Each structure stands twice: as structure tokens, then as C-alpha cells.
Amino acid sequence: MNKIYITTPLYYVNDVPHIGHAYTTIAADVLSRHYKAKGNEVFLLTGTDEHGAKIADAAKRAGKDPKDFADELVPKFIDTWKNLDVKYDEFFRTTDPKHEEVVKDFIKKLKDKGHIEKKSYEGWYCIGCEKYLSQEDLVDGKCPDHKTEPVKQFEENYFFLLSKFQERLIKAIESGELDIAPISRKNEILGKIKQGLQDVSISRENVRWGIKFPGDEKQTVYVWVDALINYYSATKIYKELDDWESHPADIHLIGKDILWFHAVIWPAMLVALDLPLPKKIFAHGFFTIGGEKMSKTIGNILDPNKLVDKFGADALRYALLREFPFGEDGDISEEKIAKRYENDLANGLGNLLNRTISMINKNGLEKDTFQIKKVVPDTLTVNGVKFSQDEYYAQHMKNFSFDDYLHDIWWLYIKTSNELIDREKPWELAKKNKNLSVLYHCYKELVQISYLLNPFMPKTAEKMSKQLKTLKPELLFPKLDK
Ligand code: MSP
């Protein structure tokens, strides 16, 4: 049995969670459920990033102490993941004193090994990004992501000597020791590293809200360094991970916006302490909402909890991962989710289940014929090549091709079975000569679908298999309130 350690980013607690955070977390949950169902032991870690200027500023605006402010926001994340049916194994907070100890120890070791130096630094800092921006990064003097002018800062900071690790990182990424996916992101990162790495400031003089820098109480640890170390400190804090000796993570799942930190700074910090590198980093794309960047000013930020109230967790999980390839950018909107709900779920899957079970009942067919037996996955022929169905879908999962996985279930089973029913009219066949083959075929397909859908739509899969056992039809996807 394999042990698989999967992580999501630690989300900033400057505000309540939005649909972007939900996207990564749902995907991580799907992977975790899939690998668990395949008999692996999986540990899924998520949590919150609570230090630094961004959080301190947000707390100040709310007139609160930063820790109290974080304490109020953390339950919002926990509740959201519950609403979305995300089953994580631990929820990590960077304000956990045990983590603070590990961070201090980590930095002390970097210092002892000669990887840290004090230097003065002048640069343009974007609080939204929590990083210095170079002149080339700016568009009309502003941060292109946050549309705000960065603040000029002059500080004496402790620097991590990142430049020393350039060749080692290139080797690790090119050899696949550190696997970065999709390939376009890997090439992008390699290109950037080859342009040359600059040493990076890992302490802050003017930020009070953070972990005290070891050996210099006037400075705090740079929030990104603090947050990245979570992946390692979790393996010391949580008994199960510690028992597994689970460092390094098998999969760091992140959005493309934070690839540099995960694929360059984090691995260099690990190499500096002779620690093994994460096995895989997958950076997914970003979505816009109704064609526009999600932003407070535009007012198009989607609240995942409201969407769950409207569509249910399973439909939302389905719609988000079905809409466009995980590694690419795409667009979503409430209308698009509603369309998926009506077309794919209510009229597609729900209809197939409902009419199949109703017809079995109406025709008074022997209940014994329709029993969920252990479904032996059939073979599947795609482009002339034969696959076992199980392997075929596992391969999609391995490639993080969630959209293909779901597309194929709809295309290969749901659509064809619904068409088969329309064409063969099994209600007539059954009356005439009790020909059960069409109904039996659909029934078998539904058993297979409920098994394959389980990681994406756990509640639906459970309802499906219950109905397939009891043959009592129940509406899976009721009509939406307009
Ligand atoms: N705190 C850091 C991460 C530290 S990890 C050691 C951070 N937090 S964040 O709250 O800003 O979350 C960023 C992540 O949210 C992205 O990497 C991505 O996973 C998700 N997304 C935020 N907006 C998104 C979209 N518009 N689209 C898709 N995912 C998005 O960065």
C-alpha cells in the first residue's frame, strides 16, 4: 500500500474564502478520494496563512488584533470545506506555536550552514502579492495583479543565498527529480531559472506580525518562507505524517500564481538543508468569472457557500472541474454552472438513473436480475487501443485531466445509454418478449458510473448505489429555483 501526501496552498485569511480557493481544494479532495479508493493511504493537508503585512493590514482595517482577526476567519474556511464535502486530514495554521518552532529551527540551520547573509535592500514591495516586484513586473507603475502601486522600501534584511542553487535546481527539474506539471509551466520555470537567480530577502524589519527572526528579534520571518515551511513542519507536528516519515510531499497542488515560490524558493530551501525535494508540483490555471478577472471592485467574486446552497456541493464540484482543463485558464459563471446542472446532471445522469429504475419497476421485472454485483470493469477501446476501464480513468487522474475524466463518463456511458433507451424503447421490448438486455445494459453502466464518479460527487455516487440496490427511484437533481 502506498502512502500519498497531498497539499493545497495555505490560504491567506485576509478575507473569506472564494471560489478560487474552492477550486484547488476540491481538486485536492478529488485526488485524495481517488487514491484512497484505490487502496492507498492518503494524507490531505490544507490550512491558512496567517502572518505578514497583508493580514496585519486587513486586521487593522477591521479594527482588530491580527490573531483575533485570523481566529474569526479560520472557521469560515473550515465551514466552507465542510459545505463542499472536502475531507482533509489536518487543517494547518501558521500561527500554531509548534510550527513557529519548526520555522525558527529551519532558519537557524540555514544560517549555520552559511546560506543566510545580512544585506541592505531597496525595492518596490506589493503587499497584495507579499513580494518585491521588479521594474519589468510593473504595468504603468502598478502591480498587474492587484492594480496598486507598490511601496518603495529600504531595509536591512537577512537574505537566503538562492543564487547558489541555480544549477542544482535546473538539474532537479530537468531530470524529473522534481516534477513540475503541466509541461508548459515546467518550461516556463526552467526558462526563468536559467535567466539567473537573485538572492532573496527572507526577513522583514517593518512587519511586526510574524515569527521573530532567529537571532534578531527586530525582524520577522518573511511570510512566504514561514508559509512554505508548513509542508515540512506538518510532517513533524502530525503523528500520522511523522510515523510515515512523509516528507517530502508527493503532490503540491497550487495555482499558477504561486509557482515560483513552490518550484524555486521552496526546493532551494530544502536542498540547502540536504532535505529531499517534493515529488510533484501541479500548477493549475486561473479562471475569470463571466469573462472578467475576479475582483472586489467589479463585484464578481463568487462565494462557494452560496453556490452550494443553490446547486449542492456535488454539482458545484462537477461543474468547476468539468468546465475546462485543469492546467489551463478558463472562464466560469453562475450561468455556466446552472447549464451544467440542467444539461449534464438533471437531464443526463439524473434522467438515465430515474428512467432505468422506473422501467425496471414498471415492467415488473425480476428484482434478482438487477443486483449490484462486483462490477468487473470492462475493457474500453479508444482509438483502436484496448484499455481496462479502471486503468483508463486512473490514467486521467494521474494526468490531472479531471475534465477528460468527466467528459468521458458522460460521452461514453450517459449519453450512449440515454440514446440507446430512446432508440430501442425498452418499455416496448419488455412488454413484447421480456427482453431485458437494454435495461440490464443501462443498469450495469449506472453501477459503473457511480463507482467512477465517487471521488468527484461522493453524495451522488452514494445515492446512486443505494437506488440501484433498492430499486426505489428518487430524484437526484431537482429542478432549480429560478
Ligand atoms: N498564502 C499564499 C499561499 C501560501 S502556500 C505555502 C496564497 N494564498 S491565497 O489565498 O492568495 O491563495 C492563492 C491560491 O488560491 C492560488 O494558488 C489558487 O490555488 C487559488 N486561486 C485564487 N484565485 C484563483 C482564481 N481566480 N482561479 C483559480 N484559482 C485561484 O497565495
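Predicted model: local features only at pLDDT ≥ 70, side-chain atom pairs only at ≥ 80, totals over all residues.
Residues are numbered from 1 along each chain as its sequence is written, and side-chain values use heavy atoms, with hydrogens and water left out.

**Entry: the ligand**

I looked up the 24 residues around the ligand, of which Leu-10, Thr-24, Asp-49, Gly-255 and Asp-257 come nearest (a residue is near if one of its heavy atoms lies within 4 Å of the molecule). Strand 1 (3-12), helix 1 (19-37), helix 7 (223-228) and helix 8 (230-237) each supply at least two residues of this shell; helices (H or I, at least four residues) and strands (E, at least two) are DSSP runs, numbered from the N terminus.

I then checked N or O atoms within 3.5 Å of each other. The side chain of Thr-24 has an N or O atom 2.6 Å from an oxygen atom of the ligand, a backbone N or O atom of Gly-255 lies 3.0 Å from a ligand oxygen atom, and a polar side-chain atom of His-21 lies 3.2 Å from an oxygen atom of the ligand. The ligand taken alone exposes 680 Å², and the protein buries 93% of that (areas from the Shrake-Rupley method with a 1.4 Å probe).

**Entry: two helix pairs**

I found that helix 13 (residues 334-362) and helix 18 (residues 458-470) pack at about 10° with their axes 11 Å apart, the axes being lines fitted to C-alpha atoms over the stretch in contact, with angles from 0 to 180 degrees between N-to-C directions. These two helices are therefore roughly parallel to each other, since angles under 35 degrees count as such, over 145 as roughly antiparallel, 65 to 115 as roughly perpendicular and the rest as oblique.

I compared helix 4 (residues 97-112) and helix 8, which pack at about 120° with axes 9 Å apart and are therefore oblique to each other.

**Entry: the backbone**

I recorded a cis peptide bond from Ala-181 to Pro-182, with omega near -5°, and Pro-182 is found in the loop between strand 7 (179-181) and helix 6 (183-194).

How values were computed
Polar contact = N/O pair within 3.5 Å; in protein donor to acceptor, adjacent residues only side chain to side chain.
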